[in-house]
Amino acid sequence: MAGTIRAQYPATIRPIRINCTGRVTPSLMMRAIGKGADGVIVAG
Amino acid sequence: MLEAARTPGLNIYTYSEVEDVSGFVGNFKVKIRKNARYVNNECNGCGSCFDVCPAYGYDEFNEGMNPRKAIYLSFAQAVPSMAQIDMNRCIKCGLCQNVCEVNAIEFDQEDEVLELEVGSIIVATGWDEYEPKTGYLGYNKYPNVITQMKLERMLAPNGPTMGHLVRPSDGKTPKKYLFIQCVGSRDLNKQTYCSAGVCCMISIKNTKLIKQHYPDADITVAYMDIRAAGKDYEEYFTASRKEGVKYVRTNVSKIHEDPETGNLKVILQNTLSSTGIKEFEYDLVVLSCAMVPAIGVEKIGNILKLETSRDGFFKEFHSRLNPIDTKIPGIVLAGVAQGPKSISESISQGRAAASSLARLMGKDKYRILLIRATVDKEKCAKCGLCELNCPYDAISLKVDGAEVNEILCRGCGSCLANCPSEAITLRYYREPQYEKQIDAILEEI
């Protein structure tokens, strides 16, 4: 999305493509934070 | 419409509403409520009851400009040609029953609910004219400010005035006309879209019709831009100008009425000349209002679970590459239900919709993607959370656990994110796949 509108975003943001935001489970978000991510953005 | 009504195998239910739709492509179950007409199928539309009926209502087809009886034919070419009773107006005197030779009148008739099985659905809900707020450009405040639809009915030979143009205030034939374009459209505070040039072309057509009936009529069209894009449209616009119709590029700022004559004083500025703001007097002002989604379209949208675009029209699969289909297989759009368009474009889309479905229904098999949710029934605790959270009604709780309808399922995964017992998996998008992605990304930091 940010790419298609030519928006800049920090290189430390790592996107993971999901088919629907409804698919995101709390355990996935907690796993990311547990492994050292500063935050998780669910966007769609 | 009459020809369609005579076609074998084609059933038309008029004066009816869709109440509920369930199922999926190829196997839709539709519940239709046929509203009670209080007249049975014996009616042949002879009309002898209209003459004796003592109760009156407003003729909705003629924009309420003339009275009709409480028992009436909705409009001259109605299909089927059957009378109906407006129970809000009927006084149940029974005079119609006395004159009816075929005993068609049934005061105790009730709504009938039909259940149909259909393979696919075309949504063609059409449009309604935008109704400006009372007082906006004098609408509903001054009788001589009318909408395009009212003018259209007045100009019709079978309309309330038999094709004669009269002013609502005094019944005189107007001499000076002003058409105001883009009422309620191309306006950041109202509809932001342009109604696809339809209102431009209707105005041009009506100026030509008025000129035909009254060659000495003085007609001005106040426009923002004339959008005459289409085959022969520009030539039609040029023909109207050649007949002496004045086109003024302007935004009308104010309208007020001369209380003595009922004439309208309009303040406007021709933005293509340096004449400044001036006041002009007109006998009749016609508002060319935007096309908006038909009244009640939200209900159909909720029943069919269709998305709507920002403008309120139904959302197509892709606005440029596939404006016919919706995101739900087996449901397609035709005409203004999808967005404002002219008659010829509506016909094109109607045919495209029919062929899109013919291609789908002509095959014995229906292919789906494998990205679908699957349930491990051993793990399922039968809590029913998945059923509550499915936006497509694709998952339902059965005795032995949740069951996914693979045709309805779109593979969004809302069910598995909500499943407390982790009994649901989504093919190609399994939990360990994401876990590995997360781990790999966070390792390199």
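The tour below goes from the chains and domains down to single residues.

**Before you start**

This is a predicted model, in which local features need pLDDT of at least 70, side-chain atom pairs count only at pLDDT 80 or more, and totals for chains, interfaces and linings use all residues. Residues are numbered from 1 along each chain as its sequence is written, while chains are lettered from A and ligands numbered from 1 in the order in which they are written.

**Stop 1: where the chains meet**

Show chains A and B together. The contact between them draws 14 residues from chain A and 16 residues from chain B; two residues are in contact if their C-beta atoms, placed from the backbone, lie within 7 Å. On the chain A side, the residues that touch chain B split into six nonpolar, four polar and four charged. Here Ala, Val, Leu, Ile, Met, Phe, Trp, Tyr, Cys and Pro count as nonpolar, Asp, Glu, Lys and Arg as charged, and the others, Gly among them, as polar.

**Stop 2: the domains of chain B**

Now colour chain B by three ranges: 36-110 for domain 1, 128-292 for domain 2 and 373-443 for domain 3. These bounds come from an automatic or database domain assignment. Taken over C-alpha atoms, the centres of domain 1 and domain 3 of chain B are 55 Å apart.

**Stop 3: a buried strand**

Select residues 284-289 of chain B, which make up strand β17. Helices (H or I, at least four residues) and strands (E, at least two) are DSSP runs, numbered from the N terminus. Is β17(B) buried or exposed? Six of its six residues are buried, so β17(B) is largely enclosed by the rest of the structure. A residue is buried if 20 or more other C-beta atoms lie within 10 Å of its own, exposed if 12 or fewer, and partly exposed in between, with C-beta atoms placed from the backbone.

In a regular strand the side chains alternate between the two faces of the sheet. Look at both faces of β17(B): L284(B), V286(B) and S288(B) are buried on one side, and V285(B), L287(B) and C289(B) are buried on the other.

Strand β10 (residues 145-147) of chain B pairs with β17(B) in the parallel sense over three bridges, and I146(B) stands opposite V286(B). Strand β11 (residues 176-183) of chain B also runs parallel to β17(B), joined to it by five bridges; there, Y177(B) stands opposite L284(B). Two strands pair if DSSP finds at least two bridges between them.

Stay on β11(B) and click C182(B), which is found in that strand. Phi of C182(B) is near 55 degrees, a positive value in a residue other than glycine. With 24 C-beta neighbours inside 10 Å, C182(B) counts as buried.

**Stop 4: two helices crossing**

Select α4 (residues 148-155) and α5 (residues 198-213) of chain B: their axes come within 11 Å and cross at roughly 35 degrees. Axes are lines fitted to C-alpha atoms, for helices over the stretch in contact, and angles run from 0 to 180 degrees between N-to-C directions. Show side chains for Q148(B), L151(B) and L155(B) of α4(B), then for C199(B), I202(B), N206(B) and L209(B) of α5(B), and you have the residues that make the contact. By class, that contact has five nonpolar, two polar and no charged residues.

**Stop 5: an open sheet**

Move on to the open sheet of three strands in chain B, ordered β14-β15-β16 with antiparallel pairing. Its edge strands are β14 (254-257) and β16 (277-282), each pairing on one side only. The twist averages 25 degrees from one strand to the next. Four bridges join β14(B) to β15 (residues 264-269) of chain B, and H256(B) stands opposite K265(B).

**Stop 6**

- P80(B) is in the loop between β5 (71-72) and β6 (84-85) of chain B.
- Y428(B) sits in the loop between β23 (424-426) and α11 (431-443) of chain B. Its phi is positive, about 75 degrees, although Y428(B) is not a glycine. Y428(B) is exposed, with 12 other C-beta atoms within 10 Å.
- S344(B) lies in helix α8 (residues 343-361) of chain B and is exposed.
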